Amino acid sequence: MSYIEVNYPEEKPEFYRMLKEQLRIYTCGEPDMTAALANFSSVLAQAFDRVNWVGFYIVSGGELVLGPFQGRPAVCRIGYGRGVCGTAWKRGEAIVVDEVECFEGHIACDCNTHSELVIPIKSPEGGVWGVLDMDSVVPAYFTDADRDGLTDAVGMIEERLNVTA
Ligand code: SME
């Protein structure tokens with residue numbers, strides 16, 4: 001398979017329609033979750049040019065453990081309620097941070113990061129299975145439309161979890 005470069009439109013509904021199509025192309029039919037999440041993070045990295053880190057943390061042994069990602073090396077384990085990721089896990093809801101320095105307890109992985117978006121991935125049992133984490137070098141980069149569009153995209157992972165449950 002060779003990657004064909006995509007010109008994403010600026011208008012959000014069309015952007016997210018195309019993004020989901022790309023995610024489907026590069027993850028659909030792959031039964032291995034690690035492989036699917038690796039391509040999922042790659043597609044997102046290709047789609048957002050001001051995103052410097054995008055990837056997954058997966059709940060394992062009572063912690064969030066680093067999963068497939070694109071970007072600089074990152075902290076491997078995050079506790080419940082710690083940092084933006086652990087807080088999104090605890091709250092069970094998406095968190096948009098416009099300026100990470102203003103988020104108490106933020107865990108810095110890349111000093112170029114200004115804003116961050118974390119979306120919990122729900123398990124079939126109703127808890128949190130993991131989180132999608134995205135960082136941007138631009139302050140207040142992620143909008144409500146991005147939170148909603150990416151929450152919808154993460155639904156593709158939740159569907160896979162439901163199938164294999
Ligand atoms: N900033 C995150 C830690 C993960 S890195 O951004 C990749 C947090 O505060 O949970």
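Let's start with the cavity. Strand S1, helix H3 (83-91) and strand S6 each supply at least two residues of the lining of the largest cavity. Helices (H or I, at least four residues) and strands (E, at least two) are DSSP runs, numbered from the N terminus. This is a predicted model: local features need pLDDT of at least 70, side-chain atom pairs count only at pLDDT 80 or more, and totals for chains, interfaces and linings use all residues. Residues are numbered from 1 along each chain as its sequence is written, and side-chain values use heavy atoms, with hydrogens and water left out.

A cavity here is a set of points, on a 1 Å grid over the protein atoms alone, where a 1.4 Å probe fits but cannot get out; lining residues have an atom within 4 Å of a point. The structure holds one cavity of 30 Å³ or more. The largest cavity has about 120 Å³ of space. Volume is the space filled by probe spheres set on the points, which are joined across faces, edges and corners. Of its 17 lining residues, Cys 85, Ile 107, Cys 109, Glu 116 and Asp 133 are the closest to the centre. Which element gives the most to the lining? H3 does, with three residues.

Next, the nonpolar core: buried Ala, Val, Leu, Ile, Met, Phe, Trp, Tyr and Cys residues joined through side-chain atoms within 4.5 Å. Buried means under 20% relative accessible area, exposed over 50%, partly exposed in between (1.4 Å probe, protein chains only). The largest core has 31 residues, and those touching the most other members are Leu 19, Leu 44, Phe 48, Met 134, Leu 150 and Ile 157. Elements giving two or more residues to this core are H1 (12-27), H2 (33-47), S1 (51-60), S5 (115-122), S6 (128-136) and H4 (144-164). A second, separate core of 16 residues includes Trp 53, Tyr 57, Ala 74 and Val 100.

Now H4. Its buried residues include Leu 150, Ala 153, Ile 157 and Leu 161. The buried residues of H4 pack against H1, H2, S1, S5 and S6. Contact means heavy atoms within 4.5 Å. Beyond neighbours within four places in sequence, Ile 157 is in contact with Met 33, Leu 37, Phe 40, Phe 56, Ile 121 and Trp 129.

Last, Val 59, in strand S1. Buried or partly exposed? Val 59 is partly exposed, at 27% relative accessible area. Val 59 and Asp 133 are 74 residues apart in sequence and 13 Å apart in space, C-alpha to C-alpha.

Notes:
On a 1 Å grid over the protein atoms alone, a cavity is a set of points where a 1.4 Å probe fits but cannot get out, and a pocket is an open set with protein on both sides within 12 Å along at least five of seven lines; lining residues have an atom within 4 Å of a point.
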